[in-house]
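This report describes the fold and selected side-chain arrangements of one protein. The sequence and coordinates are shown below.

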Amino acid sequence: MNITITGRKTSIRDSFKERVEKKLKKLDRFFEEDARVVVTVTNEQGRETVEVAITADGMFCRAEKSAPGREEALDACVDALFRQIVRNKKKLSRRLRKDAFQQPLELEPHDSAVLEQEAEEEEYEVVRVKRFPVKPMDVQEAILEMNMTGHNFYVFRNAEDGEINVVYRRSGSGYGLIEPQE
């Protein structure tokens, strides 16, 4: 895996970089060598937030955790990613390394609960389908519409390029925009 570590409002020590590489080895078995991992560490108001995003073969996995220390947040992120992958292994099997689940899993004590849940893997159930007209508008108008409806996201056709986009309310503050990538 190709790992990039970034610090926001903080510096990253070599010891933490080594810990990141060691912890991510737990996920190595699932991805090919060309997988890209971006680890972002943010320090705000005395709390450390670690975000780990993995991109591989058109698949995107992400986890973000906050804790008093960045090591705790990193551990929680890696555990969350591991649980996501194991819980959805049947659905992901075509995208992960072919031998990812053939080797015995090296489990930490808290990972055994994940494997018990994995046996109960359920199908995704669509409980509601909603249809609506998608009219061209700019991003600012889409954010206004989202706020007026009280939702956390809003799907619209971008008037600039005609593509379907999504605006969303970010958990901290501000808004995000999702655009399709070719």
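## Fold, a buried leucine and ring contacts

Among contacts between residues at least 6 apart in sequence, 43% join residues at least 24 apart. The model is predicted. Its secondary structure consists of five helices and eight strands, and these elements follow the order β-α-β-β-β-α-α-α-β-α-β-β-β along the sequence.

The protein has 182 residues, of which 31% count as buried. The accessible surface amounts to about 12,400 Å², and 46% of this area belongs to carbon and sulfur atoms.

Beyond its neighbours within four places in sequence, leucine 81 is in contact with Leu27, Val52, Ile54, Cys61, Arg62 and Ala63. For one of these residues, arginine 62, the C-alpha to C-alpha distance to leucine 81 is 6.9 Å, at a separation of 19 residues in sequence.

Aromatic rings are considered next. The search of the whole structure finds zero aromatic pairs. Charged side chains do, however, lie over the rings of phenylalanine 82 and phenylalanine 16, as tabulated here.

| Charged residue | Ring | Distance to ring centre |
|---|---|---|
| Lysine 26 | Phenylalanine 82 | 4.6 Å |
| Arginine 70 | Phenylalanine 16 | 5.5 Å |

In the lysine 26 case, the charged end sits over the ring, while arginine 70 lies over the face of phenylalanine 16.

Methods. Residues numbered from 1 in each chain as written. Predicted model: local features only at pLDDT ≥ 70, side-chain atom pairs only at ≥ 80, totals over all residues. Heavy atoms only, no water. Helix = DSSP H or I, 4+ residues; strand = E, 2+ residues; numbered from the N terminus. Buried < 20%, exposed > 50% of the residue type's maximum accessible area, 1.4 Å probe, protein only. Contact = heavy atoms within 4.5 Å. Areas by Shrake-Rupley, 256 points an atom, 1.4 Å probe, with all protein chains shown as cover. Phe/Tyr/Trp six-rings, centres within 6.5 Å; stacked < 30°, edge-to-face > 60°. Lys NZ or Arg CZ within 6 Å of the ring centre and 35° of its normal.
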